[in-house]
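Welcome, and please load the model in your viewer. We will go from stop to stop, selecting a few residues at a time.

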Amino acid sequence: KVDLFPELKLGIIVLTNQQSGVAFIAIANQIKDSYLGLKGRDWVKVYADQAKGRQGEADKVTAAAWKQVEARQHDGSKIDNSQYTGTYHDVWLGDVTISEKDGKLVFAAKRSPKLTGQLLAYKANTMVVKWNIRSMDADACVTFSLDEDGKPTGFKIKPISPATDFR
């Protein structure tokens, strides 16, 4: 993050390896306030409190999605896995193979080998991919586009949690 204030002859550069963008904004704001003699606002706390609130909401969304996945696994409906198997191309992920292993659908992005996981029924033509690497905390909805016969021809992917940043 770079903030320049030429009229004050002030430049602030904050480098961080934090995943959260608000970390460097809080630091920059704290420096600005200090430089300007402003007291009383703890920017780290302000942004931490906001993040906690957003994370709480994101956790509710994620929990509801997994509850729906669990319900689908026990509602007696069956998916024809074979109609989803094959290679798809995505602009961002490149070639993605969906294969069947031990009766389960497996999503594997060739360009990003860490993006491999099980596909689970969710809603209509949308499945959830549960990544094998659980520390990514970025499980996603995979919504298939269907042709006139109902056969998948492509997909769009988006994170389940609004707190996940795919950018």
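In which sense do strand β4 and strand β5 pair, and over how many bridges? Select residues 94–101 for β4 and 104–109 for β5: the two strands pair in the antiparallel sense over six bridges. Strands (E, at least two residues) and helices (H or I, at least four) are DSSP runs, numbered from the N terminus, and two strands pair if DSSP finds at least two bridges between them.

Before moving on, two notes on the ground rules. This is a predicted model, in which local features need pLDDT of at least 70 and side-chain atom pairs count only at pLDDT 80 or more, while totals for chains, interfaces and linings use all residues. Residues are numbered from 1 along each chain as its sequence is written, and side-chain values use heavy atoms, with hydrogens and water left out.

**Stop 1: along the strands**

Valine 106 has glutamine 118 of β6 opposite.

Now pick β8 (residues 140–146), which pairs with β7 in the antiparallel sense over four bridges. Look for valine 129, whose bridge partner in β8 is alanine 140. On to β9: seven bridges join β8 to this strand, and the two run antiparallel. Cysteine 141 has lysine 158 in β9 as its bridge partner. In the hairpin of β8 and β9, with five residues between the strands, select glycine 150 to find a positive phi near 85°.

**Stop 2: helix α2**

Select residues 43–73 for α2. The expected span of a helix is 1.5 Å times one less than its number of residues; for the 31 residues of α2 that should be 45 Å, and the end C-alpha atoms are 45 Å apart, which agrees.

At the N-terminal end, aspartate 42 caps the helix: one of its side-chain oxygens lies 3.2 Å from the backbone nitrogen of valine 44. A polar contact is a pair of N or O atoms within 3.5 Å; within protein, one must be able to donate a hydrogen and the other to accept it, and residues adjacent in sequence count only if both atoms are side-chain atoms.

Colour Trp43, Tyr47, Ala58, Ala65, Val69 and Arg72, the buried residues of α2. Buried means under 20% relative accessible area, exposed over 50% and partly exposed in between (1.4 Å probe, protein chains only).

**Stop 3: the rings**

Rings of Phe, Tyr and Trp (its six-membered ring) pair if their centres lie within 6.5 Å; planes under 30 degrees apart count as stacked, over 60 as edge-to-face and the rest as tilted. By this rule the count comes to seven aromatic pairs. Tryptophan 43 and tyrosine 47 have ring centres 5.6 Å apart and planes at 25°, so the pair is stacked. Both lie in α2, four residues apart, about one turn of the helix.

Then select tyrosine 88 and phenylalanine 155: their ring centres are 5.9 Å apart with planes at 70°, so this pair is edge-to-face. Tyrosine 88 lies in β3 (residues 86–90) and phenylalanine 155 in β9 (residues 152–159), so the pair ties together parts that are 67 residues apart in sequence. To finish, show Tyr84, Tyr88, Phe107, Trp131, Phe144 and Phe155 together: they form one aromatic cluster.
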